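Here is my note on the model. Please read it with the coordinates open.

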Amino acid sequence: YDKEVRIFKTSCGPLDNNAYLVVCPETNEGVIIDTPPEPEKVLAEVGSTKVKAIFITHNHRDHLMGFEVIRKSTGAPVGVHRDDASRLPSPPDMELTDGGVFHAGGVELRFIHTPGHTHGSTCILAGMHLFTGDTLFPGGPGASRTPEALEQEIKSITEKLYTLPDGVEIYPGHGDNTNLAASQREY
């Protein structure tokens, strides 16, 4: 939490999936990042927040088990990278493009396409807060399907994420947070 953004992190399901609610403190507009199992826990955090969008970092099932419930409950449009759109439970409303921007009140969210974990993996930067899905965790990159995918994921991390300021906080798709400086030391 800082004066420009409020972040609510909710741990869900047996795989310790994280869902995030990112809210502008001035307007109470926000977005939900990922829709894991136990959607009622995520929705309990929403309260009076005006959810402007739901963003999916990647299309793996454990990040989508609460998708339909959260989508129906909030009525918010869904965004995902086009390379991951076909595996969503229902079609998205918008495409998350590399370098694209979305505003929730005064909070600017910038999309960073980071292929490797999945073809459409996308990280979301809100000020000094980076939501990495399963691309980057404390300790290194997320699991990948093939050696080539791991190579692509490492390239995404080093060329697109490690160019951000060291003080950027990392909010991964599972487990604990970290920051870019710590992540680079672990690399």
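This is a predicted model: local features need pLDDT of at least 70, side-chain atom pairs count only at pLDDT 80 or more; totals for chains, interfaces and linings use all residues.

1. Now the ring cluster. The structure holds five aromatic pairs. Tyr 20 and Tyr 171 form one that is edge-to-face, with 5.7 Å centre to centre and 85° between the planes. Tyr 20 lies in strand E2 (residues 17-23) and Tyr 171 in strand E13 (residues 169-172), so this pair ties together parts that are 151 residues apart in sequence. Both Tyr 20 and Tyr 171 are buried.

2. How are the rings of Phe 131 and Tyr 171 arranged? Their centres are 4.9 Å apart and their planes are at 25°, so the pair is stacked. The cut-off behind that call is planes under 30 degrees apart. This pair also links distant parts of the chain: Phe 131 is in strand E10 and Tyr 171 in strand E13, 40 residues apart. Ring pairs link Tyr 20, Phe 131 and Tyr 171 into a cluster.

3. Strand E9 deserves a look next. Is E9 (residues 122-126) mostly covered or mostly open? It is mostly covered, with five of its five residues buried. Both faces are covered. Thr 122, Ile 124 and Ala 126 are buried on one side, and Cys 123 and Leu 125 are buried on the other.

4. E9 has strand partners. Strand E8 (residues 107-113) runs antiparallel to E9, joined by five bridges. Within that pairing, Phe 111 has Ile 124 of E9 as its bridge partner. Strand E10 (residues 129-133) also runs antiparallel to E9, with three bridges. There Ile 124 stands opposite Phe 131. Phe 131 is the residue stacked with Tyr 171 in point 3.

5. The hairpin of E9 and E10 has two residues between the strands. Gly 127 takes a positive phi near 65° in this hairpin.

6. On to charged pairs. The structure holds four salt bridges. Arg 71 forms one with Asp 93, and the closest N and O atoms are 2.8 Å apart. Arg 71 sits in helix H2 (residues 67-74), while Asp 93 is in the loop between strand E5 (78-80) and strand E6 (94-95), 22 residues apart. Is Arg 71 buried or exposed? Arg 71 counts as buried because its relative accessibility is 14%.

7. Glu 95 and Arg 82 meet in another salt bridge, 2.9 Å from N to O. Glu 95 is in strand E6 and Arg 82 in the loop between E5 and E6, 13 residues apart. Glu 95 counts as partly exposed, at 39% relative accessibility. Arg 82 counts as exposed, at 53%.

8. Lys 160 forms a salt bridge with Asp 98, with the closest N and O atoms 3.3 Å apart. What does this pair link? It links distant parts of the chain: Lys 160 is in helix H3 (residues 147-161), and Asp 98 is in the loop between E6 and strand E7 (101-104), 62 residues apart. Lys 160 is partly exposed, with a relative accessible area of 27%. Asp 98 is partly exposed at 47%.

Conventions. Residues are numbered from 1 along each chain as its sequence is written. Side-chain values use heavy atoms; hydrogens and water are left out. Buried means under 20% relative accessible area, exposed over 50%, partly exposed in between (1.4 Å probe, protein chains only). Helices (H or I, at least four residues) and strands (E, at least two) are DSSP runs, numbered from the N terminus. Two strands pair if DSSP finds at least two bridges between them. A salt bridge is a side-chain nitrogen of Lys or Arg within 4 Å of a carboxyl oxygen of Asp or Glu. Rings of Phe, Tyr and Trp (its six-membered ring) pair if their centres lie within 6.5 Å; planes under 30 degrees apart count as stacked, over 60 as edge-to-face and the rest as tilted.
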